[in-house]
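Subject: Structure handover and findings

Hello,

Here is the structure I promised to pass on. My notes follow below it.

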Amino acid sequence: MKLKYIVTTLLVGLTFTACSKDSDSNETTTTQPDEINNFVWKAMNSWYYWQPNVANLSDSKIASTASYNNFINGKTPDALFYSLLYQRGTVDRFSWIENSNEIVQVSKIAEVEKQGGFSYGIYPKDASNTNMVALINYTVPGSPAALAGLKRGDVITKINGSQLTASNYDQLENTQFTITLAASVQITSSSMVTTDKAGTLTVTKAEIDENPVAYYEKKVYGAKNIGYLVFNAFKSDYNDELNAAFAKMKSDGINELVLDLRYNGGGSLETAVALAQMINGSFTNKPYIYLDFNNKHNSEDGYENLSEKVNIFNLVDNEPTFQREESINSLALTKIYVLVSFQTASASELTIQCLKKYINVVTIGEETVGKFVGSNTLYDSPAYNYISYANRSTKHKWQLQPITFSYYNKDRDANPAKITPDYEINPYSIFLNLVEFGNEKDPSLKKALELITGQTMRTTAKTTNPSLSIGNLAAFNPTNTAKGLYIEDFKRLKKQ
């Protein structure tokens, strides 16, 4: 049986009841540094990618013991951590800190062990960017959301009895909430108009283990055996399931692939490299991705090469633990079609940027998030350079997930701000047309099938106004930081 994998969709606003670390108001110095905060600062000083850009992370900060102690003491560890980020929210949108496997954000926590079991995108109803709706991307089978009756394509208009807005949609991450669904949706050139269904649905979070290999279907058009694969997270403890999906496609004689990464916020570097080999398989031992760390860790800079083997992990105490390796099942494709959206990030963007140096990658959908950085977990193990879980302090359960590297394709080409798809699909055109995975009414899938077959797909898709386009949708959909690109074992990197 799989060990539980911890994920989250958005950081939620629940009150964090940490004990105050405030010093006595009459004290001006402190003789000893706070143990946890000392770990936070020193680990960040060593590993944080933007350390040279943050004055409070300068090596000179520790020159005066009294000054240093006064700076780090009197703060909660999360408050200190977030104060050290470089242009938080603009440049660094992705670093986070955990306590007891819970993401902590300046005295607010998210219960990452529990989920409602559905993925959604937030869309403004008009250019005022005030009133919103949430479109259900998919639900996890057997989850609270699925059991409550939510399904792909449903539109949420109200949360806990109030119109969904820019200031309350994070309530969709509460432990329990009620929602109202739209009975009808009309889209004009300037706005979306909805009417509500009678009654509400209640969703209560529970512990679930989501399989990211969400859907596979073989579609046959003449000599074209088209595989449609929905892959929703790069989770290394599901590498065996992903490899099995490619074994199934291989036995099905798949010679064209539509890879749906629209709802994939990223994850394991191990999985990302393995996926490339599953798709093609002809470039074993060739460099795939280059990682660049800060100046203090230039010795870690290097390549991850493509391999004919994939590592299989289980999670032990929330840590990816190597179990065995398997031979990779490869389709030997020289061209694939990737569906992307404003929720596509990190390892998903890596797949596009790095794989296209070897094969033809055609992208369809919307501009991606633009996250070309990653992290490794830092523990309170200073004698082991803060990277040893086994040798961490057991006095507390704080750990860091800051950005520690940027990544590039094998030629180290500069990354774009975002990936602009080869064929753009207006995001509002999918309203009314998301029924179930694989349905050709889905505009992005329909476009991919037309490109592959050269035929016009005749469907019963409902028309929406394609001219409606409101703002930067990624801004209303915070990237799932817990799915950001991370490394299980960066010691495996091939050095320059």
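Leaving aside neighbours within four places in sequence, which residues is Ile289 in contact with? They are Leu269, Val273, Gly302, Tyr303, Glu304, Leu350, Cys354, Tyr407 and Tyr408. Contact here means heavy atoms within 4.5 Å.

First, the ground rules. This is a predicted model, in which local features need pLDDT of at least 70, side-chain atom pairs count only at pLDDT 80 or more, and totals for chains, interfaces and linings use all residues. Residues are numbered from 1 along each chain as its sequence is written, and side-chain values use heavy atoms, with hydrogens and water left out.

Confidence

pLDDT is the predictor's confidence in each residue, from 0 to 100. The protein averages 87. A score of at least 70 is reached by 87% of the residues. Residues 1-30 stay under 50, and the model has 86 contacts for them beyond four places in sequence. Residues 107-113 are also below 50. That stretch has 37 contacts in the model beyond near neighbours in sequence.

Overall build

The protein has eight helices and 25 strands. These are DSSP runs, numbered from the N terminus: helices are H or I with at least four residues, strands E with at least two. Of the 496 residues, 57% are buried. Buried means under 20% relative accessible area, exposed over 50%, and partly exposed in between (1.4 Å probe, protein chains only). Take the contacts between residues at least 6 apart in sequence: 72% of them join residues at least 24 apart.

Cores

A nonpolar core is a set of buried Ala, Val, Leu, Ile, Met, Phe, Trp, Tyr and Cys residues joined through side-chain atoms within 4.5 Å. The largest one has 78 residues. Ile289 is one of those that touch the most other members, together with Leu229, Phe246, Ile279, Tyr288, Ile336 and Leu400. Helix α6 (residues 269-279) supplies the largest share of this core, eight residues. A second, separate core has 37 residues, including Val133, Val230, Phe431 and Ile452.

Helix α8

Please look at α8 (residues 443-453). Eight of its eleven residues are buried, so the helix is largely enclosed by the rest of the structure. The buried ones are Pro443, Ser444, Leu445, Ala448, Leu449, Glu450, Ile452 and Thr453. Their cover includes strands β12 (213-221), β13 (224-231), β14 (256-260), β19 (335-340) and β20 (360-365).

Asp442 caps the N-terminal end of α8. One of its side-chain oxygens lies 3.1 Å from the backbone nitrogen of Ser444. Ser444 counts as buried because its relative accessibility is 1%. Not counting residues up to four places away in sequence, Ser444 touches Arg262, Leu339, Ile364, Gly365 and Ile425. Ser444 and Asp260 are 184 residues apart in sequence, but 9.3 Å apart in space, C-alpha to C-alpha. Just after α8, Gly454 takes a positive phi of about 75°.

Aromatic rings

There are 25 aromatic pairs. Rings of Phe, Tyr and Trp (its six-membered ring) pair if their centres lie within 6.5 Å; planes under 30 degrees apart count as stacked, over 60 as edge-to-face and the rest as tilted. Tyr48 and Trp50 are edge-to-face, at 5.8 Å centre to centre and 70° between the planes. Both partners are buried: Tyr48 has a relative accessible area of 0%, and Trp50 has 12%. Tyr138, Tyr215, Tyr228, Tyr263 and Phe437 form one aromatic cluster.

Two lysines sit over rings. The test is NZ of Lys or CZ of Arg within 6 Å of the ring centre and within 35 degrees of the ring normal. Lys75 lies over the face of Phe71, 4.6 Å from the ring centre. The charged end of Lys410 is over the ring of Tyr358, 5.6 Å from its centre.

Loops

Asn129 lies between β5 (118-124) and β6 (132-139). Its phi is positive, about 60°, although Asn129 is not a glycine. Asn129 is partly exposed, at 28% relative accessibility. Asn160 lies in the loop between β7 (155-159) and β8 (162-163). Its phi is also positive, near 50°. Asn160 is partly exposed, with a relative accessible area of 36%.

Best wishes

Definitions and conventions. Polar contact = N/O pair within 3.5 Å; in protein donor to acceptor, adjacent residues only side chain to side chain.
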